[in-house]
Amino acid sequence: MCMVTGAVPGFGHSISHSHRRTKRRWDPNIQSKRYWVPSLGRSVTLTVSARGIKTVDRRGVDAVVREILARGVRL
């Protein structure tokens, strides 16, 4: 699960040429990334998706970490 966007795997069916359905899942592109957080004075490791990395780049790591801590997630 992405700590920034909340992305989780999606579930559905693979459909073959003969139209048989088998269960499958679409996993988000989850990465483990370390960021230096100046407000905390230390680095934190976040589990983020590719879209979450772009969000951190756009909004800044301080704002994103502050929002994660407000939800009660321990870093």
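Start by selecting S49, which touches C2, T5, N29 and I30, leaving aside residues up to four places away in sequence. Keep in mind as you go that this is a predicted model. S49 belongs to strand β4. Is S49 buried or exposed? It counts as buried because its relative accessibility is 5%, and the limit for buried is under 20%.

**The nonpolar core**

Next, select V4, Y35, L46, V48, V56, V61 and I68. They are the residues with the most contacts inside the largest nonpolar core, which has 14 residues. To see where the core comes from, colour β3 (30–37), β4 (42–49), α1 (50–59) and α2 (61–70), the elements that each give two or more residues to it. Which element gives the most? That is α2, with four residues.

Now zoom in on I68. Beyond its neighbours up to four places away in sequence, I68 touches M3, V4, L46, V73 and L75. Two of the names in that list, V4 and L46, are also among the core residues with the most contacts.

**Where the two helices meet**

Show α1 and α2 together and turn the view until you can follow both axes. Two packed helices are described by the angle between their axes and the distance between the axes. Here the axes of α1 and α2 come within 6 Å and cross at roughly 120°. On the α1 side, select T55, V56 and R59; on the α2 side, select V61, A63, V64 and E67, which they meet. What kinds of residue make up this contact? There are four nonpolar, one polar and two charged.

While α2 is on screen, pick A70, which is in this helix. A70 is exposed, because its relative accessible area of 71% is over the 50% limit. Draw a C-alpha to C-alpha distance from A70 to R58: the two are twelve residues apart in sequence and 19 Å apart in space.

**Along strand β3**

Move to W36 in strand β3. W36 counts as exposed, because its relative accessibility is 54%. Which residues does W36 touch, not counting those up to four places away in sequence? They are G41, R42, S43 and V61. V61 is 25 residues from W36 in sequence, yet their C-alpha atoms are 8.0 Å apart.

Then select K33 and Y35. K33 lies over the face of Y35, at 5.3 Å from the ring centre. If you go looking for aromatic pairs, the structure holds zero of them.

**The β1 and β2 end of the tour**

Select H19, in the loop between β1 (10–15) and β2. Most residues other than glycine have a negative phi, and most peptide bonds are trans. Against that background, check the backbone of H19: its phi is near 75°, a positive value in a residue other than glycine. H19 counts as partly exposed, because its relative accessibility is 48%.

Finish at R21, in strand β2 (residues 21–26). R21 touches H13, S14 and I15, again without counting residues up to four places away in sequence.

Definitions and conventions:
Residues are numbered from 1 along each chain as its sequence is written. This is a predicted model: local features need pLDDT of at least 70, side-chain atom pairs count only at pLDDT 80 or more; totals for chains, interfaces and linings use all residues. Side-chain values use heavy atoms; hydrogens and water are left out. Rings of Phe, Tyr and Trp (its six-membered ring) pair if their centres lie within 6.5 Å; planes under 30 degrees apart count as stacked, over 60 as edge-to-face and the rest as tilted. A charge sits over a ring if NZ of Lys or CZ of Arg is within 6 Å of the ring centre and within 35 degrees of the ring normal. A nonpolar core is a set of buried Ala, Val, Leu, Ile, Met, Phe, Trp, Tyr and Cys residues joined through side-chain atoms within 4.5 Å. Buried means under 20% relative accessible area, exposed over 50%, partly exposed in between (1.4 Å probe, protein chains only). Contact means heavy atoms within 4.5 Å. Axes are lines fitted to C-alpha atoms, for helices over the stretch in contact, and angles run from 0 to 180 degrees between N-to-C directions. Ala, Val, Leu, Ile, Met, Phe, Trp, Tyr, Cys and Pro count as nonpolar, Asp, Glu, Lys and Arg as charged, and the others, Gly among them, as polar.
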